[in-house]
Amino acid sequence: MISSPSPRDSALIVARNVRLSLGRPPSRVDILHGIDLSVAAGESVALLGASGSGKSSLMAILAGLERPTGGEVTVSGLVFTTLDEDGLAIARRGRIGIVLQAFHLLPTMTALENVAVPLELAGASDAFARAQVELAAVGLADRTGHYPAQLSGGEQQRVAIARALVGQPGLLFADEPTGNLDTATGAAIMDMLFARHAASGATLFVITHDAALAARCARVIELADGRIVADRRGA
């Protein structure tokens with residue numbers, strides 16, 4: 001069950017002493033080492049770091065996709081670390097949009113159907129019309145009836161971005177959102193994400209290894225070996 005939001009934190013995201021380890025001693029691998037982090041509503045934040053620094057793991061924990069080994073995560077006043085899988089799914093619905101490096105598109109659904117899924121789950125009557133608009137916004141108006149196997153990697157990435165945006169979430173996580181896109185398309189997609197952020201006031205949390213992309217965010221957090229080593233203002 002989801003408890004009522006707690007008023008104790010005014011921040012949208014609060015992580016306290018978050019740790020993540022895989023395996024057991026003596027072969028245990030420590031991924032995250034006591035992460036403390038607070039993100040205010042409406043911020044644009046870049047999580048910058050080299051491959052293997054723990055960026056994607058931290059994002060997965062903050063988004064409620066993975067459980068930490070220890071510590072506490074609160075999002076929108078809900079303590080994610082106390083919720084079961086069903087509770088986390090309900091907590092994310094309508095609140096959080098997520099773009100992962102692995103697209104997780106449903107192979108038996110068209111691009112249009114994949115994008116409409118979050119709205120259908122939320123009971124929206126105009127799910128397909130809104131999905132059509134989002135696909136057009138990412139340049140795929142002519143690919144709505146194609147299945148994932150019929151799309152290039154870059155096109156699948158854009159479908160995943162449209163799916164994350166279609167519900168107009170107040171919090172958007174994007175893990176290397178331009179990693180499978182050519183330079184021009186990647187720049188256009190990032191322009192769109194930042195424009196949406198500015199227009200809606202949604203919190204944008206971008207995971208990247210690209211310092212130029214990170215600099216577009218108002219705040220840049222740098223991760224190395226599972227620890228925050230810098231937290232500074234960017235754009």
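The model is predicted, and local features need pLDDT of at least 70, side-chain atom pairs count only at pLDDT 80 or more, and totals for chains, interfaces and linings use all residues. Residues are numbered from 1 along each chain as its sequence is written, and side-chain values use heavy atoms, with hydrogens and water left out.

The protein chain contains 7 helices and 10 strands, where helices (H or I, at least four residues) and strands (E, at least two) are DSSP runs numbered from the N terminus. Its radius of gyration, taken over C-alpha atoms, is 18 Å, close to the 18 Å given by the globule rule for 235 residues, so the chain is as compact as a globular protein of that length; the rule is 2.2 Å times the number of residues to the power 0.38. Along its principal axes, the C-alpha trace spans about 50 × 40 × 40 Å. Of the contacts (heavy atoms within 4.5 Å) with a separation of 6 or more, 65% are between residues 24 or more positions apart.

Of the 235 residues, 48% count as buried, a term that stands for under 20% relative accessible area, with exposed meaning over 50% and partly exposed in between (1.4 Å probe, protein chains only).

When its neighbours within four places in sequence are left aside, His197 is in contact with Gly42, Glu43, Ser44, Ala202 and Leu204.
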